[in-house]
Amino acid sequence: MEAAKALVQEEDALQARIESVQEELSSMGITAKSSLIDEKGYPRADVDVYAARHLQNELSCLRNDHKAKLVEVEAAIHAWHSSAPPPRESPASQDGHVTQPSPSRPAFLRVEVVTPGSPAADAKLLPGDRVVQFGSITATNFGSMQDVAKLVQHAAGKTLRIDVQRAGRERSVELVPNRWAGQGLLGYVGWYLTFCWKT
């Protein structure tokens with residue numbers, strides 16, 4: 001678990017630096033793909049070409065490093081869960097809507113830790129919840145945590161229905177991915193550790 005948490009922290013740091021570089025480029029009025037040459041083939045006079053080129057190159061490298069780190073995170077999480085015993089179910093809670101008396105769909109992810117004050121906490125997700133559906137993602141079409149990350153990015157500010165198994169029953173909660181005081185749009189301590197139970 002500690003090794004996986006360390007990798008998650010490294011991934012968070014990479015993501016934070018990516019966002020910082022993107023903001024720096026935006027302040028210069030350009031993006032990662034903006035040309036630094038004018039229509040006559042000369043370096044643009046309205047941009048610090050040297051600084052801009054450096055930032056564009058750094059952003060490209062950071063994105064590659066981030067993708068590689070995600071692969072490491074997933075491998076560490078799967079390795080940890082392959083050796084860890086299943087957790088005991090959480091006590092019954094009044095939060096969420098009970099939809100079925102017993103789990104009838106396979107869970108593919110599990111909530112580990114929820115940060116207080118986060119969108120996840122606001123949705124009343126609890127440690128130990130086993131996710132059977134995350135928006136449009138289920139056990140049948142779940143490929144990797146990148147699928148979840150992409151869905152969350154596209155759903156920023158929108159309501160996502162999350163179906164979970166809790167204390168032997170299936171419940172639904174509504175989660176709205178949003179910016180908050182912590183990292184990411186959900187607010188889990190180690191987002192990739194939060195959903196990591198694949199049955």
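Let me begin with the contacts, meaning heavy atoms within 4.5 Å: among those in the chain between residues at least 6 apart in sequence, 70% join residues at least 24 apart. The model is predicted, so local features need pLDDT of at least 70 and side-chain atom pairs count only at pLDDT 80 or more, while totals for chains, interfaces and linings use all residues. Residues are numbered from 1 along each chain as its sequence is written, and side-chain values use heavy atoms, with hydrogens and water left out.

Turning to the secondary structure, five helices and six strands make up the elements of the chain. These are DSSP runs, helices being H or I of at least four residues and strands E of at least two, numbered from the N terminus. Their order from the N terminus is α-α-β-β-α-β-β-α-β-β-α.

Of the 199 residues, 41% count as buried, that is, under 20% relative accessible area with a 1.4 Å probe, protein chains only.

Next, the interior. A nonpolar core is a set of buried Ala, Val, Leu, Ile, Met, Phe, Trp, Tyr and Cys residues joined through side-chain atoms within 4.5 Å. The largest has 21 residues, and those touching the most other members include Phe-108, Leu-109, Phe-134 and Ile-162. At least two residues each come from β3 (130-134), α4 (145-154), β5 (160-166) and β6 (169-175); α4 gives the most, with four. A second, separate core of twelve residues includes Leu-25, Ile-30, Val-47 and Leu-62.

Finally, consider Val-111, in the loop between β2 (109-110) and α3 (119-122). Why does Val-111 count as buried? Because its relative accessibility is 1%. Its C-alpha atom is separated by 5.2 Å from that of Asp-129, 18 residues apart along the chain.

Methods. Buried < 20%, exposed > 50% of the residue type's maximum accessible area, 1.4 Å probe, protein only.
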